[in-house]
Amino acid sequence: MEKIDYKKTEKHLYIPKQPAIVEVPEMVFFAVDGRGDPNTAPAYAAAMEILYGLSFTVKMSKMGGEEPEGYFEYVVPPLEGLWWTDDPAFDGRAPADKSLFYWTSLIRQPDFVTEEVFSWALEKLARKKPELDLSGARFWRWREGLCAHILHVGPYDAEPASIDRLSAFTAEQGCAPDFTPERRHHEIYLGDPRRTAPQRLKTLIRHPVRKIHTFS
């Protein structure tokens, strides 16, 4: 049986050909919150190790005969990130001082992953890597709702041009940004910067939006 790869089965949510307005349904995630420059902050590097450690603990559970009920073969989904700063006007453009970033790093999980499965994976990873502080890891069932998104191709520092395109498209569709503490600038990393040239990196940029109602 072919492995489920959400990037292929749900292309409209990961690899749109054009900017689009989408309704993002409820999904299951493992998440870690933090603050600081993702390029230098030890907390960000630790979050990566935790998220991938938990994700692959679940994926490889079948190897030890410990797979959860409903388990199926799948590809671990890409890393994602929610980003914000204390600036209320923040729209996804990185500040000059990236240490000002707050972030939630997350990896989607298959629907068979429950809080019980998360707790099991947490205990398993803690035994394997006792040096990791897993206290910040959390299970998150999240419905993102109405959003606009665009596929950015190129270096992360060149994202402002794509954000401008996305903002223009959002307005053309009769929508407005809807950033709140629950709805953030969202990036899905479809390329590995360790293996991909910066100009070929693919990043989905997603912004929460709301429809603008006009009355005559």
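A nonpolar core is a set of buried Ala, Val, Leu, Ile, Met, Phe, Trp, Tyr and Cys residues joined through side-chain atoms within 4.5 Å. The views below come from a predicted model.

**View 1. The largest nonpolar core holds 47 residues.** Four members touch the most other members: F30, L54, V58 and V113. At least two residues each come from α2 (11–14), β1, α3, β2, β3 (102–109), α4 (115–128), β4 and β6. Strand β1 gives the most, with 8 residues. In soluble globular proteins, nonpolar side chains tend to be buried together.

**View 2. L54 and its contacts.** Which residues does L54 contact, leaving aside its neighbours within four places in sequence? They are F30, F118, A121, L122, L125 and A137. One of these contacts, F30, is listed with L54 among the core residues that touch the most other members.

**View 3. A second core stands separate.** This core has 8 residues. Among them are A148, I163, L166 and C175.

View 4. Strand β4 covers residues 137–153. Is it mostly covered or mostly uncovered? It is mostly covered: 12 of its 17 residues are buried. Strand β1 (residues 20–35) runs antiparallel to β4, and 12 bridges join the two. Look for E23, which stands opposite L146 in β4. Strand β7 (residues 202–211) is also antiparallel to β4, joined by 7 bridges. Here C147 stands opposite P208 in β7.

View 5. Rolling a probe the size of a water molecule over the atoms shows where empty space is left.

**View 6. What lines the largest pocket?** The lining divides into 19 nonpolar, 4 polar and 8 charged residues. Helix α3 gives the most, with 4 residues.

**View 7. A158 sits in a loop.** The loop lies between β4 and α5. Is A158 buried, exposed or partly exposed? A158 has a relative accessible area of 34%, so A158 counts as partly exposed. The cut-offs are under 20% for buried and over 50% for exposed. Now find P198, 40 residues apart from A158 along the chain. The C-alpha atoms of A158 and P198 are separated by 9.9 Å.

Key. Residues numbered from 1 in each chain as written. Predicted model: local features only at pLDDT ≥ 70, side-chain atom pairs only at ≥ 80, totals over all residues. Heavy atoms only, no water. Buried < 20%, exposed > 50% of the residue type's maximum accessible area, 1.4 Å probe, protein only. Pairing = 2+ DSSP bridges. Nonpolar A, V, L, I, M, F, W, Y, C, P; charged D, E, K, R; others polar. Contact = heavy atoms within 4.5 Å.
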